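Here's a quick briefing to read with the model open in your viewer. Take a look at the chains first, then work through the points below.

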Protein chains: 2
Amino acid sequence: MTENMQIAFEKLSFCFETRKFADLRIILLDMEPYDIASYMEETLDDKEMIMFFRLLPKELASDVFVEIPSDSQEKLIKAFTDKELKAVIDDMYLDDTVDVIEEMPANVVKRILINSEPTDRRMINELLKYPDDSAGSIMTTEYVSFSASSTVEDAFDRIRRTGLNKETIYTCYVTDRKKKLIGVVTVKDMLLADKSELIAHIMETSVVTLNTHEDKEQAAFKFSKYDFLALPVVDNEGCLVGIVTVDDAVDVIQEEATEDMQKMAAVLPNEKPYLKQSVFSIWKARVPWLLLLMVSATFTSMILSEYESKLFAISQGVLYAFVPMLMGTAGNAGNQTSVTVIRALALGDVTFKDVFRVILKELLVAFLIGLTIAVACFLKLYFIDNLYNEITIEVAIIVSVVLLITVMMAKLVGCLLPLVAKKVKLDPAVVASPFMTTIVDVLSLIIYCSMAIALLA
Amino acid sequence: MTENMQIAFEKLSFCFETRKFADLRIILLDMEPYDIASYMEETLDDKEMIMFFRLLPKELASDVFVEIPSDSQEKLIKAFTDKELKAVIDDMYLDDTVDVIEEMPANVVKRILINSEPTDRRMINELLKYPDDSAGSIMTTEYVSFSASSTVEDAFDRIRRTGLNKETIYTCYVTDRKKKLIGVVTVKDMLLADKSELIAHIMETSVVTLNTHEDKEQAAFKFSKYDFLALPVVDNEGCLVGIVTVDDAVDVIQEEATEDMQKMAAVLPNEKPYLKQSVFSIWKARVPWLLLLMVSATFTSMILSEYESKLFAISQGVLYAFVPMLMGTAGNAGNQTSVTVIRALALGDVTFKDVFRVILKELLVAFLIGLTIAVACFLKLYFIDNLYNEITIEVAIIVSVVLLITVMMAKLVGCLLPLVAKKVKLDPAVVASPFMTTIVDVLSLIIYCSMAIALLA
């Protein structure tokens, strides 16, 4: 937290505790909704929060409400009178209302819907129907649109009349009588044009659009590609049904990155901030993969049991000491590749059609890396490990050569798994990252044991 | 690639090959710069690219140029005449010019600067001075500003006169005579206000600002918190020196997520798209950590050598077979926690002051998870592993109990490392993720070997 924010928070607490509510409101009017929500969340208990919320200047209440975590939103809604609830909902953008509703239990949802305007209620019900990961689920229906035969002046009049409650006014949409999207026009274009100019003459007719059922991650990435402030969402008939604004796209980009990191770390995705997650929900998100990976490690135990006595007979256990190093290095090498490829797939830098370029590149890289690591390992074995263990030159060579082979194998597995997962429409982050280690562990053990026994026995 | 895009690309190729340049230009005018750049990059060789670029409609040339990868930009610049280069540069936003310059070799930079307007050259040199990870490095100096005594009508006139070349016109900045930032006003506010209203009356005076030297990741996160389209950048005296627009913030958010994933996977960060990276640069990014981790695995070899003969004497190698499973599960368990905490730190969901809450939570979770995994492991040992290896009840109990202890240890290490790294101002993603495995490997081996020997020998 910045120093300024700290001071603002202290002032708020002072005014709130000493009941200087007029001063409190003046401070609040100068603050961002997100910061007010943070203050409430960090400083106030449930009772105080409800009292504090009632003190918020009317024009801020909805904006602050949107920024509050959903468990506190629920407590507030339960404390609200119907009139208070209606006031908050009426001032919220529809997509925000939908976001709130999605986190609430059924009885609270019912109260919210009952207290919405009938037209809003219809819209909310429409928006709630879109699948959770679709562009439709993050769009809003509050946009400005007009017909191509309007003049710039008409258009500005319309913006002045209806713009106050629209999520963005800077990109406006041009539709025909059947609501089919035929163009977009920005306020910048309109400001730079003559007042009497027809919208038809200045609108852009080749429009990048989203489809309602398009994946929301793909939709968000269009923003980072094309630098738009808003994108129109159309249905299968090309009719305009809503817009997605860049702020919602930013949230999606953040969430999807978090999700991918969780998946790579063998954790089931969880949208809530860490400190808001219950111990039980964290347990639930982490235990399945950990169990699966533990059980699949049975293979490594089986392999080791199989080769155990032979390995011990050859080297009096010396070979054994390098198993963790070999498996660890193979795992790390594979992980480097799989994470790189998973991210490149997510960003659209790589697609399945690049599969041979990727394999070729990874094999070249793997050979160079494997060689470097193998040479370093040989030197390490000879100069360091020899200090505490008697290592023959044969053992040093075999361990180093096996290291080269396992690094190459691990990098091949690491690039193939995510590409194949993507091809068969599975999530590369889920399939590739946690499984990769098990596969690489098993393969590197087999290579090591069989080569050592073949060459040394 | 969508079907529409495929068709557009085929049309382009047809017109280009059959030299129907008038038709080509018509198609190009309807396309987004990013897509044109993708077409050139994917389809054309170097010579064709230069020829194609010269065919671009004048108003598109700079926008397309910005979207081309830097190695191709370099080839184009080298092929340009001075006049062509000047035309492209003059039409680019200053922050984009700076981005291009940062990737070019010295002689190309010199040519770009020589062909810039003198005032632009001064600005570019100023912008180039900011550190690579600062808000200053991603800002542009092309914003709209006016004085508080202007009327809304004056302001609109100014926007009409100067707005065409500004990166955004929708948020305008109000400064005093010394260029000190005193407020912001949006075009929306101005459109909804009376024409004769003074800007002083409608501007927002409590402004969220960025400092030139603020970390650019923190700057980008302010966009996701506050939903702004642009944020002003001020120097230490509070004077307005530039703005950051949301599209640049989106790029930073994407890049930082990619970087964190790379660091977690023990890869040095590399900004280029995967397919653009040379084999040598990939080698350079991956080999250092892999080497370090391989060498640090010496500890595990030492521990195993130390306990080797005793472990073998007790159990004829049965205990050995579970080493990979134990180390793997501990590593996975630790990784789950460290990645979760690293991401929570990056998002600002957790700070160092939460250290005790995090530890308590992780210990509770770790106990539950450890217990689940240990029970599952016991059953697995007894019912599955018993099929191929003779496992006494004592061994099954010891392996399961050690598993519980190592999972708890791993999760403790996994949450402490990133928090401590953050506290001492190191990068949690670098310090915590790759090192975590080595520490957890060593500790779990020690716990396993010493407990097994103490209880079974």
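Let's start in a loop: A:K179 sits between strand 2 (171-175) and strand 3 (181-186) of chain A. Keep in mind that this is a predicted model.

- Most residues other than glycine have a negative phi.
- A:K179 isn't a glycine, yet its phi is positive, at about 70°.
- A:K179 counts as partly exposed because it has 15 C-beta neighbours inside 10 Å.
- Over in chain B, B:D227 also isn't a glycine and has a positive phi, of about 60°.
- You'll find B:D227 in the loop that links helix 15 (216-226) to strand 5 (230-234) of chain B.
- B:D227 has 21 C-beta neighbours inside 10 Å, so it counts as buried.

**A look at A:M92**
- A:M92 is in the loop between helix 7 (82-91) and helix 8 (94-102) of chain A.
- If you skip the neighbours within four places in sequence, A:M92 is in contact with A:S62, A:V66 and A:T97.
- For a sense of scale, A:P269 is 177 residues from A:M92 in sequence, and their C-alpha atoms are 28 Å apart in space.

**Domains of chain A**
- Chain A splits into domain 1 (3-128), domain 2 (145-255) and domain 3 (297-456).

**Where chain A meets chain B**
- The contact draws on 95 residues of chain A and 96 residues of chain B.
- On the chain A side, helix 18 (residues 323-347) gives the most, with 14 residues.
- Sorted by class, that side of chain A has 57 nonpolar, 20 polar and 18 charged residues.

**How the two copies are related**
- Turn chain A by 180°, with a shift of 0.0 Å along the axis, and it can be laid on chain B with an RMSD of 0.1 Å.
- The two copies are therefore related as by a two-fold rotation axis.
- Both copies use the same surface, and 100% of the contact residues of chain A recur in chain B.

Conventions: Residues numbered from 1 in each chain as written. Chains lettered and ligands numbered in written order. Predicted model: local features only at pLDDT ≥ 70, side-chain atom pairs only at ≥ 80, totals over all residues. Helix = DSSP H or I, 4+ residues; strand = E, 2+ residues; numbered from the N terminus. Contact = placed C-beta atoms within 7 Å. Domains from an automatic or database assignment. Nonpolar A, V, L, I, M, F, W, Y, C, P; charged D, E, K, R; others polar. Least-squares fit on C-alpha atoms with pLDDT ≥ 70 in both. Buried ≥ 20, exposed ≤ 12 C-beta atoms within 10 Å, placed from the backbone.
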